Amino acid sequence: MKVIKIHHPYYADDIPNNDVVLALGFFDGVHRGHQEVIKIAKKEADRRGIKLALMTFNHHPSVVFQKVDMMSIKYLTTVREKEELMASLGVDILYVIEFTSAFANLSPQEFVDEYIVGLHAKAAVAGFDYTYGKADIANMQTLPNFAKGRFDVIEVKEKTEDHLKISSTNIREMMANGDMEAANHFLGYIYQIHGTVVHGDKRGRLLGYPTANVKPTIQSLIPNVGVYAVKIKVADHWYDGMAQIGYNITFEKNRPMTIEVNILDFDQDIYGEKVDVKWYHFLRSEMKFDSMDGLINQLRQDEQDTREFFKGLEK
Ligand SMILES: Cc1cc2nc3c(=O)[nH]c(=O)nc-3n(C[C@H](O)[C@H](O)[C@H](O)COP(=O)(O)O)c2cc1C
Ligand SMILES: Nc1ncnc2c1ncn2[C@@H]1O[C@H](COP(=O)(O)OP(=O)(O)OP(=O)(O)O)[C@@H](O)[C@H]1O
């Protein structure tokens, strides 16, 4: 897959000179709704014997339209992850457009002329609720008017599960409730974050449960506070673990949130390692204990629950 980063206005030489089917959207999470759009676009490209291209943006359009602080927006997928998922779905060319004010100010006709026709699209594929151009004044119903016969418009029907749209918004809400099973089901894969192991308060070892304190990539969406069964990848190997997202309320006050992972059957110094954490199952909420023994007993229970959870998953 070729990744082409575009800053508006682009040069015609930046664009490969072959016809494409072009899938349109932001695609945060590349969830099962997005996968459907890409699959339909891929089929269409194969049928026509041309390449599949997809257009996404370097950050969410709300950074420009709603003037949301860039750092406050949290994503389900990093650009790197999006690239990997897109490549696995058969995308040949991924356009990552810098969503700037200049780009956002294009009229719908300019957008269509420069970014659909200009990218040599013979067909544009998007979901039923796709909108483009300033103030969302253009949608799938109006797209053919702007296309003026230069490309076909293929609309993908809403993909739902139990009458709920498979959408990034719904997945975010499930994660905010700690419901990883539902979020993972909608995503079509297990949600993961990436980070680096940093130093904590060194208390975990005293409790009999040393923890890797994971400092996540700044823009990753973190599931709700609580204790989870996870898998963690260290130096190319996946281990089972139990993780707490929380504030260590038993010991501390007004401390920032941390992500701590006790890796089962593991005893290595891994400070500074880059790790990936996959979130499988919510075990319980964070609790405040009256004694260290109370917490230790609960951690034993968590360990047992985690082992049982993963044993059940293997069956
Ligand atoms: C699986 C797991 C569950 C935990 N649950 C709680 C909890 O419910 N309440 C709490 O105050 N701390 C909880 N902790 C955090 C411990 O209190 C302890 O402070 C921490 O693991 C050590 O942090 P450190 O590495 O910064 O020293 C939990 C830790 C883990 C790994
Ligand atoms: N469940 C779905 N069924 C069909 N098409 C979808 C579905 N979800 C998204 N799409 C389409 O996929 C493309 C990318 O969607 P977009 O990035 O807007 O994601 P979304 O998941 O709908 O996000 P949000 O929840 O933030 O509205 C768009 O063309 C959109 O219409």
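Predicted model: local features only at pLDDT ≥ 70, side-chain atom pairs only at ≥ 80, totals over all residues.
The side chains of Asp28 and Arg172 meet in a salt bridge, with an N to O distance of 2.8 Å. Asp28 sits in the loop between S2 and H1, and Arg172 sits in helix H7, so the pair ties together parts that are 144 residues apart in sequence. Asp28 counts as buried, at 3% relative accessibility. Arg172 is partly exposed, with a relative accessible area of 27%. A search of the whole structure finds 21 salt bridges.

A second pair lies within one helix. Glu44 forms a salt bridge with Arg47, and the closest N and O atoms are 2.8 Å apart. Both residues belong to helix H1, where they are three residues apart, about one turn of the helix. In an α-helix there are 3.6 residues a turn, so residues three or four places apart point the same way. Glu44 is buried, with a relative accessible area of 12%. Arg47 is exposed, at 63%.

Glu252 and Arg203 form a salt bridge, with 3.0 Å between the closest N and O atoms. Glu252 lies in the loop between strand S14 (237-246) and strand S15 (258-263), and Arg203 in the loop between strand S11 (192-198) and strand S12 (212-216), so this pair ties together parts that are 49 residues apart in sequence. Arg203 counts as buried, at 19% relative accessibility; the cut-off for buried is under 20%. Salt bridges that share partners join Arg203 and Glu252 with Asp201, Arg255 and Glu260 in one network.

Nonpolar packing was examined next. The largest nonpolar core has 36 residues, of which Met55, Phe111, Tyr115 and Ile116 touch the most other members. Elements that give two or more residues to this core include strand S1 (2-6), strand S2 (20-24), strand S3 (51-57), helix H5 (108-117) and strand S5 (121-127). H5 gives the most, with four residues. Beyond its neighbours within four places in sequence, Ile116 is in contact with Leu22, Leu24, Phe111, Ala121, Ala124, Leu143 and Phe151. A second, separate core holds 31 residues, among them Met174, Phe186, Leu221 and Ala243.

Val112 is also found in helix H5. Val112 is buried, with a relative accessible area of 0%. Not counting residues up to four places away in sequence, Val112 touches Val117, Gly118, Tyr132, Leu143, Phe146, Ala147, Arg150 and Phe151. Val112 and Pro144 are 32 residues apart in sequence; their C-alpha atoms are 10.0 Å apart in space.

Helix H8 (residues 180-187) has six of its eight residues buried, so H8 is largely enclosed by the rest of the structure. The buried residues are Met180, Ala182, Ala183, Asn184, Phe186 and Leu187. Their cover includes helix H1 (32-48), strand S9 (160-161), strand S10 (164-165), helix H7 (168-176), strand S13 (226-234) and strand S16 (274-284). Just after H8, Gly188 takes a positive phi of about 90°.

Met292 lies in helix H9 (residues 292-314). Met292 counts as partly exposed, at 35% relative accessibility.

Notes
Residues numbered from 1 in each chain as written. Chains lettered and ligands numbered in written order. Heavy atoms only, no water. Buried < 20%, exposed > 50% of the residue type's maximum accessible area, 1.4 Å probe, protein only. Core = buried A, V, L, I, M, F, W, Y, C linked by side-chain atoms within 4.5 Å. Contact = heavy atoms within 4.5 Å. Salt bridge = Lys/Arg side-chain N within 4 Å of Asp/Glu carboxyl O.
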